[in-house]
Amino acid sequence: MFDPTAYENIKVVIEGEIYDRDLSGEIIVIDRNDWINAAKLSRKYEISFTKKGYESDLLSAMMTIEAGLENLSAELLESVNAKQLAGCRVNISFSLHHKNEMVVFKEVLKGLEEIWGRDRAIVQTALLDPLGDKSTIKNHVQVSFNRLVYEEQIDDLSEMVDYMIASLEKIKKIIE
């Protein structure tokens with residue numbers, strides 16, 4: 001019998017958790033991508049959503065999971081030394097438009113640290129159209145865990161979706 005890898009199991013749990021919330025009306029799924037890179041033998045899954053009543057082009061959240069050849073081989077070969085690689089990377093990001101004011105960046109960072117903790121790497125990247133309206137900026141915020149997520153931590157992923165929704169709510173209050 002085929003035994004799915006940690007990547008597949010984690011992907012199914014994430015997808016189920018997010019689509020259950022979409023069906024209940026709590027959130028709205030706005031995009032999904034599922035890639036397999038045959039040249040590098042890697043996989044990547046992204047799913048984006050926003051809160052009901054929010055404009056998706058102004059504020060959204062995305063969860064990404066990735067597994068490379070080293071993760072797959074560690075799991076399939078089942079060597080004791082390789083078990084530490086038998087997982088996948090999970091990243092959380094938020095896309096938002098807001099006023100081009102330094103205080104907004106600081107408040108977003110502070111708000112996300114309250115939810116995700118200070119031990120997470122939170123990086124903001126601002127995009128500005130130099131010939132357009134400079135009072136509004138597009139901000140991409142990445143929350144990284146700097147470690148692999150393993151199948152044993154699968155229950156934590158449901159909690160991550162709760163944190164993502166809380167983050168959207170916090171960011172919405174900041175940028176209004």
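Mentor: Helices and strands here are DSSP runs numbered from the N terminus, a helix being H or I over at least four residues and a strand being E over at least two. By that rule the protein chain contains four helices and six strands, in the sequence order α-β-β-β-α-β-α-β-β-α. The model is predicted, so that local features are given only at pLDDT of at least 70 and side-chain atom pairs only at pLDDT 80 or more, while totals for chains, interfaces and linings use all residues. Residues are numbered from 1 along each chain as its sequence is written, and side-chain values rest on heavy atoms, without hydrogens or water.

The overall dimensions come first. Along the principal axes, the C-alpha atoms fill a box of roughly 55 × 35 × 30 Å. Of the 176 residues, 40% are buried, where buried means under 20% relative accessible area, exposed over 50%, and partly exposed in between, with a 1.4 Å probe and protein chains only. Contact means heavy atoms within 4.5 Å. Among contacts with a separation of 6 or more, 63% link residues 24 or more positions apart.

A nonpolar core is a set of buried Ala, Val, Leu, Ile, Met, Phe, Trp, Tyr and Cys residues joined through side-chain atoms within 4.5 Å. The largest such core has 38 residues, and Met63, Val90, Ile92, Phe94 and Trp116 touch the most other members. Two or more residues each come from α1, β1 (27–37), β2 (42–51), β3, β4, α3 (102–116), β6 and α4 (154–175). The greatest contribution, eight residues, is from α4.

Beyond residues up to four places away in sequence, methionine 63 touches Ile14, Tyr45, Glu46, Ile47, Val90, Asn91, Ile92, Met160, Val161 and Met164.

Glutamate 66 belongs to strand β3 (residues 59–67). Glutamate 66 counts as partly exposed because its relative accessibility is 23%. Apart from neighbours within four places in sequence, glutamate 66 contacts Tyr7, Arg43, Lys44, Cys88, Arg89 and Asn91.

Strand β4 (residues 88–99) runs antiparallel to strand β6 (residues 136–149), with eleven bridges, and isoleucine 92 has valine 143 in β6 as its bridge partner.

Asparagine 146 is exposed, since its relative accessible area is 64%. Most residues other than glycine have a negative phi.

Finally, helix α1 (residues 6–24) contains glutamate 15. Leaving out neighbours within four places in sequence, glutamate 15 contacts Arg32 and Tyr45.

Key. Pairing = 2+ DSSP bridges.
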